Amino acid sequence: MWEAIKNEDWVLTAGTLEEWTRKLWNFDRPYRHAGRSLGTATQFGISIGVALAHRDQKRLVVDMQPDGDLMFDAGALWTVAKHRIPMLVVMYNNRAYYNDWEHQIRMAMVRGTPVERAYIGMDLDDPAPDFAGMARSMGWYAEGPFESPDGLPAALKRAISKVKEGQPALLDTVTQKR
């Protein structure tokens, strides 16, 4: 992602991929990052607000969006399209509510219950949500899911182009659970 955006006037919203972006990206201006999410189901709403705040400056607003977080507020995709809020969303899709899954594993160990059952209610698979399809159905430009990095550089270029034209764009990238 850094290679795709580094020459743009960009802003990262609430997600930092556990601070990896802070280590790998050049945060050379004070507006580059608005701050962290506030917990479950907050990142997409914060990201929309950041995109609104930077819309008039024509900055490329980038949201690295966790899948579980978006599941709590998928209807907001329509709001973004309705109000023509340009933003780039790259799904960090591990097909799970994995933060809670880890908690369930810890609790199973403490309680002596089967760890192999910790996934129940935590996985987002069988069927896996089609975030690109969901976004397209609500007026977004979207591609994916990408199960490997092949094709992502070209997809990022296409998506950035759409955002610069004023349309929200989403790329659904599937990652490891942890």
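Glu-8 and Lys-164 pair up through their side chains in a salt bridge, at 2.9 Å from N to O; the term stands for a side-chain nitrogen of Lys or Arg within 4 Å of a carboxyl oxygen of Asp or Glu. Glu-8 sits in the loop between H1 and strand S1 (10-12) and Lys-164 in helix H8, so the pair ties together parts that are 156 residues apart in sequence. Keep in mind that this is a predicted model, where local features need pLDDT of at least 70, side-chain atom pairs count only at pLDDT 80 or more, and totals for chains, interfaces and linings use all residues. Numbering runs from 1 along each chain as its sequence is written, and side-chain values use heavy atoms, with hydrogens and water left out.

- The structure holds eight salt bridges.
- Glu-147 bridges to Arg-95, with the closest N and O atoms 3.3 Å apart.
- Glu-147 is in the loop between S4 and H8 and Arg-95 in the loop between S3 and helix H6 (98-111), so this pair links parts 52 residues apart in sequence.
- Arg-95 counts as buried at 14% relative accessibility, while Glu-147 counts as exposed at 56%; buried means under 20% relative accessible area, exposed over 50%, partly exposed in between (1.4 Å probe, protein chains only).
- Glu-143 and Arg-158 also meet in a salt bridge, at 2.8 Å from N to O.

**Helix H8**

- H8 covers residues 152-164; helices (H or I, at least four residues) and strands (E, at least two) are DSSP runs, numbered from the N terminus.
- Leu-152, Ala-155, Leu-156, Ala-159, Ile-160 and Val-163 of H8 are buried.
- Those residues cover an arc of only 135° around the axis, which puts them on the same side of H8; the arc is that of the directions from the helix axis to the C-beta atoms.
- Lys-157 and Lys-164 are exposed on the other side of H8.
- After H8 comes Gly-166, with a positive phi near 100°.

**Nonpolar cores**

- The largest nonpolar core has 23 residues, and those with the most contacts inside it are Phe-44, Met-87, Trp-140 and Leu-170.
- Such a core is a set of buried Ala, Val, Leu, Ile, Met, Phe, Trp, Tyr and Cys residues joined through side-chain atoms within 4.5 Å.
- Helix H3 (43-54), helix H5 (76-82), strand S3 (88-93) and helix H7 (131-137) each supply at least two residues of this core.
- A second, separate core of 19 residues includes Leu-60, Ala-155, Val-163 and Ala-169.

Key: The expected span of a helix is 1.5 Å times one less than its number of residues.
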